[in-house]
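Good morning, colleagues. Please bring up the model on the screen, and I shall go through one chain and one contact.

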Amino acid sequence: MPRRVEDPNWTDPGLLVMASLAEGSKHGYAIIGDVEATTGVRLGPGTLYGALSRLEQRGLIEQLDSDDPRRRPYRLTSHGSAVLAERLEHMRRFAALGRKRLAASPTLGLA
Amino acid sequence: MSTSRFHRLILAVYPERFRDRYGDELATVAADCGGGWRVTFDLAVSAAKARLNPGPITSGSEGRRLRLETTTSTVFALWVWSTVAVALFARAVDDQPVPGLRSWGWGAYAVGNVIFSLSAAVILIVGFLYWLRVVVAAVRTGNRAILIPAALPVAVVVLWLAGTGVLAVATNHIRPGNYRHITAQGPHTAGGWALLAIYALFTVACVTVCTTSSRRALREAELTPPMLAVSSVVAVTASVALAAITACAVICVTRVLMIGGIGVRDEMTAIGPVCFLLLASAAAATSSVRGLRAVRTGPGA
């Protein structure tokens with residue numbers, strides 16, 4: 001069954017890349033460094049460019065012009081920003097639901 | 001071989017359109033990451049994924065076309081390689097009849113052979129019709145970019161048949177009773193092993209050239225969407241046949257291993273192709289499902 005776009009797949013490389021690009025345009029190695037620094041996930045170069053190609057195919061990111069063809073930056077499109085916002089909102093609701101249930105649990109309740 | 005050179009080799013496995021778009025960047029980032037087995041493994045796995053699911057920067061009808069081309073050529077290549085695996089498997093369990101295999105193990109083997117023969121007939125007929133369509137159009141327009149990769153497989157098959165004939169002469173197989181180097185039980189001299197190794201390499205090279213040039217001809221020919229859709233349906237048929245053959249081979253090899261008596265070398269000769277068939281079936285099924293989705297709803301489904 002195809003994954004729905006709003007599924008909370010926390011380690012999806014595409015989501016990590018989009019979240020990184022939400023800060024501003026970056027080239028490939030900068031995305032790897034940013035994702036590792038913020039989430040601890042080390043994306044491999046093949047995984048990164050597989051995700052970039054899928055995101056570009058869906059119109060969620062776009063490639064920017066650059067003098068150096070080996071380090072071309074990418075940025076979120078407006079459609080990509082909307083999709084990212086929707087996914088993050090879905091994840092926020094999911095996290096809130098989990099916290100609420102934990103708090104209500106008599107044995108696992110949060111302090 | 002240096003790591004960067006090894007990475008370049010892996011990059012060559014990626015689809016051409018992916019390399020054109022991301023190749024330089026990917027090589028640079030791989031070098032920036034410092035190499036290592038994790039980077040190498042990541043590149044290799046991603047190359048396989050990119051082959052099975054082409055994604056680069058296409059959408060709409062172009063993306064659908066790319067998806068269907070990929071499904072057709074991927075399943076065709078897997079099927080051609082599987083014929084080699086099936087031949088090896090048959091060599092292990094059939095050339096030396098396994099004592100006691102005349103039961104469900106043999107039944108599975110026979111059913112697998114029938115399915116394989118029928119699927120081969122369908123694929124060869126449809127493939128030949130498509131080949132004619134591509135070649136005739138290329139001859140009319142004088143398009144060498146299509147004609148050369150379309151004609152190359154025919155030349156290679158002729159060359160392979162000639163090589164097989166030379167091997168038969170070299171091993172005296174055409175004169176029974178005088179098997180100097182290779183007998184029915186396999187090579188038993190260093191010369192026999194060398195001949196067999198050369199022949200195996202020659203066969204692998206021929207199959208590689210045939211599948212890659214067919215893929216290129218298919219891409220250059222730019223078949224109409226209905227033709228690509230039909231070829232994808234044939235690819236699904238081939239995938240189903242491949243899955244059925246694999247199931248039969250698994251049943252048969254299980255029975256062979258239960259009975260024993262064919263020797264460790266032949267057991268390995270049987271198990272190796274079955275493992276390949278399992279992987280090829282899974283890859284063909286994945287590619288076919290994606291092709292069917294593209295036929296129904298477009299590549300983004």
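Predicted model: local features only at pLDDT ≥ 70, side-chain atom pairs only at ≥ 80, totals over all residues.

Residues are numbered from 1 along each chain as its sequence is written, and chains are lettered from A and ligands numbered from 1 in the order in which they are written.

Chain B contains nine helices and two strands, taken as DSSP runs numbered from the N terminus (helices H or I, at least four residues; strands E, at least two). Their order along the sequence is α-α-α-α-α-α-β-β-α-α-α. Of its 301 residues, 34% are buried, that is, with 20 or more other C-beta atoms within 10 Å of their own, C-beta atoms being placed from the backbone.

Now the contact between the chains. Chain B contributes 27 residues and chain A 20 residues, with contact meaning C-beta atoms, placed from the backbone, within 7 Å. On the chain B side, α2 (16-32) and α3 (37-52) each supply at least two residues.

How do α3(A), residues 45-57, and α3(B) cross? Their axes, lines fitted to C-alpha atoms over the stretch in contact, come within 7 Å and cross at roughly 30 degrees, on a scale from 0 to 180 degrees between N-to-C directions. The two helices are therefore roughly parallel (under 35 degrees). Among the residues that meet are P45(A) and G50(A) in α3(A), and V39(B) and D42(B) in α3(B).

Conventions:
Contact = placed C-beta atoms within 7 Å. Parallel < 35°, antiparallel > 145°, perpendicular 65-115°, else oblique. Buried ≥ 20, exposed ≤ 12 C-beta atoms within 10 Å, placed from the backbone.
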